Amino acid sequence: QHSFPVDGVAFSPTGAQLLTLARDGRLYDTADWRRAPIVLDQPGQITTASFAPGGSLVATGGRDDLATIWDTRNGERRHQLPHRGDVTDLAWSPRADLLATSSFDNGGRVFRADTGDLVTFLGLHSNQVVGVAFSPDGATIATASLDGSARLWGGDGFARSEALLGHTGQVLDVAFSPDGASVVTASDDGSVRIWRAAVDPIMSVVGRHAGAGRAVAVSKDGLI
């Protein structure tokens with residue numbers, strides 16, 4: 001039972017834990033629901049979270065300009081990762097060695113999961129960055145921004161960047177296809193678009209909504 005509205009829930013990759021978000025985060029043991037949850041108490045309200053592959057770590061982001069990496073076994077705080085604005089989204093690399101974040105400070109960041117050290121700042125957007133995703137091979141990062149663009153970051157240190165331009169509104173979310181060949185974006189212009197991950201040109205507009213497309217996900221068999 002939370003004292004505040006529950007804003008999100010997610011199962012760990014193994015299904016052994018359920019994470020709930022309501023200002024703080026709470027990890028419940030799915031084998032024993034009566035067991036007291038592990039409380040993840042971040043200074044500001046937690047608004048986003050992501051389990052690492054394997055489920056031994058979970059990252060949270062909130063309205064305190066911080067992302068935090070936690071040990072899911074005991075709730076130990078491993079690292080606090082500073083930003084200059086609210087942390088809006090989180091994405092783990094496939095090997096769980098890197099954590100990518102997006103923030104209201106108009107940038108994305110990549111951190112080492114073992115040390116908490118900053119690897120690089122993804123800073124070419126001109127407005128708040130609200131979505132981030134890793135490609136399945138871990139070689140490319142995609143970001144979505146209220147500046148109306150998505151960007152792909154790759155190469156050594158993710159220093160090379162290509163803009164995906166074509167939406168007429170803010171880009172609110174981004175995801176890779178399971179094979180990594182395509183990127184899907186959702187925008188408040190009402191459209192969902194597919195792009196080639198290796199080059200800029202749009203492939204197709206696959207959906208159009210009457211309102212904003214606020215989130216997008218791709219299933220393992222490629223359905224959007």
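User: Why is Leu 99 called buried?

Analyst: The relative accessible area of Leu 99 is 0%. Buried means under 20%, exposed over 50%, partly exposed in between (1.4 Å probe, protein chains only). So Leu 99 counts as buried.

The model is predicted: local features need pLDDT of at least 70, side-chain atom pairs pLDDT 80 or more, while totals for chains, interfaces and linings use all residues. Residues are numbered from 1 along each chain as its sequence is written, and side-chain values use heavy atoms, without hydrogens or water.

User: What does Leu 99 touch?

Analyst: Its partners include Ala 59, Ile 69, Trp 92 and Val 110, leaving aside residues up to four places away in sequence. Contact means heavy atoms within 4.5 Å.

User: Is Arg 26 buried or exposed?

Analyst: Buried, because its relative accessible area is 17%, under the 20% limit.

User: What makes the Arg 26 and Asp 24 pair a polar contact?

Analyst: Their side chains come to 3.4 Å. The term needs N or O atoms within 3.5 Å; within protein, one must be able to donate a hydrogen and the other to accept it, and residues adjacent in sequence count only if both atoms are side-chain atoms. So the pair qualifies.

User: How do you know that β2 and β3 pair?

Analyst: 6 bridges join them, running antiparallel. Pairing takes at least two DSSP bridges, so these strands pair. Strands are DSSP runs (E, at least two residues). Arg 26 lies in β3, residues 24-29.

Note on methods. Helices (H or I, at least four residues) and strands (E, at least two) are DSSP runs, numbered from the N terminus.
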